[in-house]
Amino acid sequence: MTTTAPARTTGPLRPLELLGADALLDADERDIAATVRRFVETRLAPEVGNWFESATLPKELAKEFGVLGMHLHGYGCAGTNAVSYGLACLELEAGDSGFRSFVSVQGSLSMFSIHRYGSDEQKEHWLPRLASGDAIGCFGLTEPDFGSNPGGMRTRARRDGSDWILTGTKMWITNGNLADVATVWAQTDEGVRGFVVPTDTPGFTANPIHRKLSLRASVTSELVLDNVRLPASAELPLARGLGAPLSCLNEARFGIVFGALGAARNSLETALDYAASREVFDRPLAAYQLTQEKLADMTLELGKGFLLALHLGRLKDESGVTPEQISLGKLNNVREALAIARECRTILGASGITLEYSPLRHANNLESVLTYEGTSEMHLLSIGRALTGHAAFR
C-alpha cells in the first residue's frame, strides 16, 4: 500500500493534519475522501441549514451521492474497501449526520440485506436501482416497544397458501417515507425471517415522524403493515434467524464509527476558525490558554478516534471485524464526538446556538446517533460480555 501523503502547507494545522492522518491512507482512499468532501462542501453544506430547519431531505439527492452501496461488489456497486467506505461516511457526516444516515441505511442495511441474503432475482431487480439512486430503500427492524431487544418483535408473517401475510408496526425507520422498497423483518412459525416489500404494496403505509429535535435533515418514519400480502419470492431465502438483521446492523455501525468523527471534525474546525477571528479583550479568542486547552483536548480525542476507526477498517478489510470490536468503535467515537460538538459550541458562545454554525446542529444529531443501531448501554454490555463471558442484558 502506498502511503505517501502530500506535503503539508505552512501555518496553523487542521486537527487531523496534526495527527498526520493522510499518511496512513493510500492514494485511492485519499481520493475518495476528497471527492466526497467536495460534494458535501459544494452541494450539501450550502443547503443543510435550510433542510435542518424545515425538516426535509430532497428525494432527488439520492441520484447525486454516488457512493450508495460503494462497499458492495457487483450490480452496479463500486466494490471499494471498508476504509474507503468509512472515509466517505466521515465526509458525509461532516456535512450532517442525516446525509450519512441516508447513505448508511441505503447501502449497509437495505442493499446489504438483499446482497447478502437475497435471491438472484431480488438482487438483479433491486441492487442496480438502489446503487444508482433510482430507487430508495429502508430497513424495518425496530418496533415501538422493541429497540434494544429486537428478538421480541411483534410483527408477524404467516403463510396463506404460497403467499405471506405481514402484519405489524416498525418505528424510527430512516428513509421510510422516501423508500421504494423496505426490508422488513418479522416473526414466523420458523423464527425471524426477512422480506423484500415494495412500498406500493396494498396495506403498506409509511407515516412521517414530526417534531424531531435531532436528525432533522433526515426522513424518519413509522411503517405500518396491515395484512400486506406478498408472494413467496419476497422472502429473503438466506436469512434465517435474528443473526441476519443483526449482521446488517453491524455493517451500518461500522459506518458510524467513521461517520461520527466527521461531525466532530467539522465542529472542531468551525470552532478553530471562529476562535481565530473573534476578538475578546483586544486579542483573538484562540490566543487564550483556556481556549487552547479545549482545542488541544478535542484534537487529541478526535485523533484517537480516527486511529481506532482506521484500525477497525483495516481489520475488516484484512481478516474481518467482530461485533464486539465494532461496539468499541461506536461507543467511543460517538461518545467523544458528542462531547466535542458540545464543547465547540461553548467556544462559539451565543453565536453557537444559531444554524449559522454547525456544532450545536451536530450535537443534536449525535444525540440520535448515540442511541440508534445500539445504544451506548448495549454496546457497553456487549463489550462486558466479551470480557467476562456473562450476558448482563438477559
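The model is predicted. Its largest nonpolar core holds 69 residues, and those that touch the most other members are Leu44, Phe65, Leu92, Phe102 and Phe306. Two or more residues of this core come from each of helix H2 (27-54), helix H3 (82-95), helix H4 (97-117), helix H6 (243-277), helix H7 (289-318), helix H8 (323-348) and helix H9 (359-369). The most is given by H6, with 12 residues. In soluble globular proteins, nonpolar side chains tend to be buried together.

Phe306 is in contact with Leu16, Leu19, Ala21, Leu25, Leu87, Leu90 and Leu261, leaving aside its neighbours within four places in sequence. A second, separate core has 26 residues, including Leu72, Leu109, Ala239 and Leu249.

Helix H9 has as its buried residues Pro359, Arg361, His362, Ala363, Asn365, Leu366 and Val369. These buried residues pack against H2, H3, H4, H6 and H8.

The largest pocket has a volume of about 1,300 Å³. It is lined by 42 residues, of which Gly147, Leu249, Arg253, Glu373 and Gly374 are the closest to its centre. Two or more lining residues come from each of H4, strand S5 (163-174), H6, H8 and helix H10 (376-388). By class, the lining has 16 nonpolar, 19 polar and 7 charged residues.

How many disulfides does a search of the whole structure find? The search finds 0.

| Residue | Relative accessible area | Class |
|---|---|---|
| Cys77 | 12% | buried |
| Cys344 | 0% | buried |
| Pro198 | 26% | partly exposed |

Cys77 counts as buried because its relative accessible area is 12%, and the cut-off for buried is under 20%. Pro198, at 26%, therefore counts as partly exposed.

Pro198 is found in strand S7 (residues 191-198). Not counting residues up to four places away in sequence, Pro198 touches Trp126, Asp180 and Val181. Along the chain Pro198 and Leu360 are 162 residues apart, and their C-alpha atoms are separated by 37 Å.

Conventions:
Residues numbered from 1 in each chain as written. Predicted model: local features only at pLDDT ≥ 70, side-chain atom pairs only at ≥ 80, totals over all residues. Heavy atoms only, no water. Core = buried A, V, L, I, M, F, W, Y, C linked by side-chain atoms within 4.5 Å. Buried < 20%, exposed > 50% of the residue type's maximum accessible area, 1.4 Å probe, protein only. Helix = DSSP H or I, 4+ residues; strand = E, 2+ residues; numbered from the N terminus. Contact = heavy atoms within 4.5 Å. 1 Å grid on protein atoms, 1.4 Å probe; cavity = no way out; pocket = protein on both sides within 12 Å on 5 of 7 lines; lining within 4 Å. Points joined across faces, edges and corners; volume = space filled by probe spheres on them. Nonpolar A, V, L, I, M, F, W, Y, C, P; charged D, E, K, R; others polar. Disulfide = S-S within 2.5 Å.
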